[in-house]
Amino acid sequence: MTSNKNLTKNEPVIRLAIQKSGRLSEDSIKLLKDCGIELRNVKDRLRTESDNFPIEIFFLRDDDIPQYVEDGVADIGFVGENVLYEKNKKVDIVEKLGFGKCRLSIGIHKSDEYNDVQYLQGKKIATSYPVLVNKFLQDNNVNCEIHEISGSVEIAPGIGLSDAIADLVSSGSTLFMNGLKEVETILNSQAVLIKNNQLSDDKVRLLNKLLFRIQSVRKAKNNKYILLNAPNDKLNEIVALLPGMKSPTVVPLATEGWSSVHSVLNENEFWDIIEQLKNAGAQGILVIPIEKMIL
Ligand code: PRT
Ligand code: ZN
């Protein structure tokens with residue numbers, strides 16, 4: 001493999017472990033791309049580099065990522081919290097990444113009556129997450145036998161292997177298709193950036209550089225740029241509704257008595273504020289995605 005062609009020899013490189021193929025792979029690579037990090041041919045590779053950032057990528061099974069980062073074979077990794085907490089490795093969580101969202105939930109036969117976790121007392125539960133499930137059961141003083149299986153957990157009650165399951169759920173359709181209903185959430189999970197807990201100063205500097213980009217990309221995704229026209233006599237009311245990064249920009253329109261107002265809105269408050277802006281007399285509202293946001 002050739003070295004990063006734009007980088008000087010011996011410059012430190014940060015080694016990032018991501019999932020090779022699975023639900024986190026595409027979003028992991030997309031996040032790096034959004035951060036302006038160009039990767040060489042990522043298909044069917046075990047590792048790759050970037051020509052424009054001192055980073056080396058290792059492609060691994062997600063289950064192995066916490067161990068690799070704990071051992072320092074990789075400096076940092078992108079991995080689901082579900083895997084991280086199940087593996088219980090000594091690594092630090094640096095940042096939530098906002099993708100790979102799911103929950104580890106308990107499912108039981110759709111027709112069974114369920115009041116609380118005591119339902120599980122003396123029963124059998126199938127899961128690929130014995131550590132997390134055991135902790136949940138202990139915290140709730142429930143004595144329930146854990147049957148560990150590595151895949152197709154959702155079929156266990158149907159074939160009489162268990163009374164309940166604990167598995168990852170996102171849309172809920174897998175549970176539904178297997179005649180199960182979701183009754184408890186053990187963990188809400190998303191992909192996180194983890195790091196080895198003894199990184200050198202050089203690596204910390206590179207991590208901070210990457211983190212700064214990730215945070216800018218994520219902030220931009222959660223916000224929208226908004227432009228609107230406002231009659232000058234309603235300007236104060238409209239400006240008061242808009243937060244902006246410092247305060248909204250107001251520029252006069254060619255048409256007498258009107259101004260153009262520019263601002264940034266958070267996704268969560270977006271629809272509420274749009275409604276209020278319309279009611280206050282705003283017109284021609286344009287909403288534009290933001291690519292990067294540096295505060
Ligand atoms: O080969 P490797 O070990 O790397 O991959 P894997 O097969 O173990 O993992 P993969 O690719 O399936 O999932 C990787 C990570 O994606 C998980 O560890 C979670 O952090 C995250 N994630 C997010 C999910 C889901 N959503 C998800 N829905 N992982 C699995 N599922 C499965 C779930 O197990 C169930 O079978 O999807 C089904 C349920 O989905 P719904 O939409 O029907 O509810
Ligand atoms: Zn896995």
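Ala, Val, Leu, Ile, Met, Phe, Trp, Tyr, Cys and Pro count here as nonpolar, Asp, Glu, Lys and Arg as charged, and the others, Gly among them, as polar. On that basis, the shell around ligand 1 in this predicted model consists of five nonpolar, 10 polar and six charged residues. The ligand is surrounded by 21 residues, and the space it takes is the largest pocket.

**Closest residues and polar contacts**
- The residues closest to ligand 1 are Asp63, Asn82, Ser171, Gly172 and Thr174.
- Asp63 places a polar side-chain atom 2.7 Å from an oxygen atom of ligand 1.
- For Ser171, the corresponding distance from a polar side-chain atom to a ligand 1 oxygen atom is 2.6 Å.
- Thr174 has a polar side-chain atom 2.5 Å from an oxygen atom of ligand 1.

- Ligand 1 on its own has 840 Å² of accessible area, of which the protein covers 77%.

**Elements and domains of the shell**
- Two or more residues of the shell around ligand 1 come from each of α3 (81-87), β9 (164-169) and α5 (173-177).
- The element that gives the most to this shell is β9, with three residues.
- Domain 1 (14-100 + 190-220) and domain 2 (102-189) each supply at least three residues to the shell around ligand 1.

How values were computed
Residues are numbered from 1 along each chain as its sequence is written. Chains are lettered from A and ligands numbered from 1 in the order in which they are written. This is a predicted model: local features need pLDDT of at least 70, side-chain atom pairs count only at pLDDT 80 or more; totals for chains, interfaces and linings use all residues. Side-chain values use heavy atoms; hydrogens and water are left out. A residue is near a molecule or strand if one of its heavy atoms lies within 4 Å of it. A polar contact is a pair of N or O atoms within 3.5 Å; within protein, one must be able to donate a hydrogen and the other to accept it, and residues adjacent in sequence count only if both atoms are side-chain atoms. Accessible areas come from the Shrake-Rupley method with a 1.4 Å probe; for residues, only the protein chains shown count as cover. On a 1 Å grid over the protein atoms alone, a cavity is a set of points where a 1.4 Å probe fits but cannot get out, and a pocket is an open set with protein on both sides within 12 Å along at least five of seven lines; lining residues have an atom within 4 Å of a point. A molecule sits in a cavity or pocket if more than half of its atoms lie within 2 Å of its grid points. Helices (H or I, at least four residues) and strands (E, at least two) are DSSP runs, numbered from the N terminus. Domain bounds come from an automatic or database domain assignment.
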